[in-house]
Amino acid sequence: MITNEPKPTGDTGKSMNSYLAPLVQQIQPSGIRKFFDLAAGSKDIISLGVGEPDFKTPWHVREACVYSLERGFTGYTSNAGMPELREGIANYLQSRFAVEYNPANQIIATVGGSEAIDLALRALIAPGDEILIPEPCYISYSPITAIGGGIPVGIETFGENNFKLTAEALEAKITPRSKILILCYPSNPTGAIMSREDWEPVAKVVKKHDLIVISDEIYAELTYGSNHVSFPSLPGMIDRTILVSGFSKAFAMTGWRMGYACGHPDLISAMLKIHQYTVMCAPSMGQVAALEALTNGMEEKDRMTDSYNQRRRLIVKGLRDAGLDCHEPQGAFYAFPSISRTGLTSDQFAQRLLLEYKVAAVPGSVFGLGGEGYLRCSYATSVSQLNEAIERIGEFVLQLERERTE
């Protein structure tokens with residue numbers, strides 16, 4: 001008889017799931033991945049779901065990597081990363097965002113920005129610490145916090161305020177157990193940014209309650225119409241902030257898995273302890289490529305940013321013309337339209353859009369508080385694909401209107 005019941009493995013006599021840590025069993029799979037699984041194998045799918053540039057890594061960056069391999073540069077680097085790369089990161093951050101770090105003891109090269117966030121949380125969290133997270137937000141923050149023994153505390157932001165974090169909302173969530181504030185501006189998924197005027201009252205609350213900040217600035221180069229304001233550039237914030245960034249988004253280097261973290265020497269030293277026992281060092285050839293991107297890649301970076309800006313204007317206008325309210329994203333490469341007028345939940349809207357109109361986007365509900373009623377649409381795809389996706393979304397909205405009136 002065929003059964004779907006889990007079978008014991010080996011001679012244990014019970015399911016392997018019984019050996020898993022309870023905390024890991026409680027963590028839900030990525031809500032984004034669910035929609036990619038639905039789309040797998042389907043034809044004619046237009047994907048607005050992946051947070052990944054559609055550009056290839058610039059050739060000169062790839063060439064630098066290839067040349068390093070030809071020279072046999074395939075061994076370990078120092079745990080913190082190549083000194084030349086750390087110096088390059090320090091120079092870049094000082095010139096672009098007016099934050100200064102000593103490359104000798106305040107910068108660590110990591111396996112993507114994701115490892116940097118994980119290292120920061122594991123180095124800081126004691127059991128029971130509350131980690132404050134403005135939402136909607138990148139889906140990994142809460143699970144990584146929970147794995148590290150912390151308690152994620154969402155702070156809802158709102159479309160009518162362009163999804164900005166306010167000092168009042170932050171203050172309202174603080175308790176004696178609050179320890180860390182995670183920031184992500186420009187924002188995934190909303191495209192929101194924070195100006196210096198927006199940041200200053202937030203910084204006062206951070207200082208008042210003696211919080212440590214993890215500032216994920218992976219989209220710092222992708223701002224439109226204004227310059228990015230790095231949180232540690234605010235008075236008194238550099239020593240209490242761990243700045244996280246990387247090369248995936250602005251330099252089209254997602255698969256290279258190159259990121260970095262910067263902060264007070266004591267914080268970076270603690271993160272380095274974990275890093276050296278888990279991954280040893282970031283890939284040496286990736287570090288070579290990252291250094292080349294910083295040294296000679298600004299022109300291509302600017303060209304890609306200009307292209308995203310063109311697509312940003314296109315998708316926002318298209319979504320509004322289709323009848324969906326959409327605040328203007330001023331950073332990253334995501335639009336976050338409201339679908340509440342359709343009467344569907346975010347999950348229902350996304351599923352029907354995918355199955356009936358072959359457009360993959362991500363329901364806002366997977367991004368935490370305030371995400372329900374929205375849809376994340378990445379515009380890091382070609383103009384022709386965006387135009388076709390917008391047309392299909394418009395047809396879907398019209399169909400829903402007909403269904404409501406029948």
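Trainee: How many aromatic pairs does the structure hold?

Mentor: It holds 17 aromatic pairs. Rings of Phe, Tyr and Trp (its six-membered ring) pair if their centres lie within 6.5 Å; planes under 30 degrees apart count as stacked, over 60 as edge-to-face and the rest as tilted. Keep in mind that this is a predicted model, where local features need pLDDT of at least 70, side-chain atom pairs count only at pLDDT 80 or more, and totals for chains, interfaces and linings use all residues. Residues are numbered from 1 along each chain as its sequence is written, and side-chain values use heavy atoms, with hydrogens and water left out.

Trainee: OK, what kind of pair do F55 and Y308 make?

Mentor: Their ring centres are 5.6 Å apart and their planes are at 70°, so the pair is edge-to-face. It links distant parts of the chain, 253 residues apart: F55 is in the loop between strand 1 (46-47) and helix 3, and Y308 is in helix 11. Helices (H or I, at least four residues) and strands (E, at least two) are DSSP runs, numbered from the N terminus.

Trainee: Are F55 and Y308 buried or exposed?

Mentor: F55 and Y308 are both buried. Buried means under 20% relative accessible area, exposed over 50%, partly exposed in between (1.4 Å probe, protein chains only).

Trainee: And what about Y219 and F333, what do they form?

Mentor: Y219 and F333 form an edge-to-face pair, with 5.5 Å centre to centre and 90° between the planes. Y219 and F333 are both buried. Ring pairs link F55, Y219, Y308, F333 and Y334 into a cluster.

Trainee: Which residues have the most contacts inside the largest nonpolar core?

Mentor: L48, Y308, I315, F333, F349, L353 and L375, in a core of 38 residues. A nonpolar core is a set of buried Ala, Val, Leu, Ile, Met, Phe, Trp, Tyr and Cys residues joined through side-chain atoms within 4.5 Å. Helix 13 gives the largest share of this core, seven residues. Apart from it lies another core, of 29 residues, including L85 and F247.

Trainee: Switching to helix 3: which of its residues are buried?

Mentor: H60, V61, A64, C65 and S68. The face turned away carries the exposed residues W59 and E70.

Trainee: How far apart are the end C-alpha atoms of helix 3?

Mentor: They are 16 Å apart, and that agrees with the 16 Å that its twelve residues (59-70) should span at 1.5 Å a residue. The expected span is 1.5 Å times one less than the number of residues. After helix 3 comes G72, with a positive phi near 85°.

Trainee: How many residues of strand 3 are buried?

Mentor: Six of its six, residues 130-135. E130, L132 and P134 point one way, and I131, I133 and E135 the other. Strand 3 pairs in the parallel sense with strand 4 (residues 151-156) over six bridges.

How values were computed:
Pairing = 2+ DSSP bridges.
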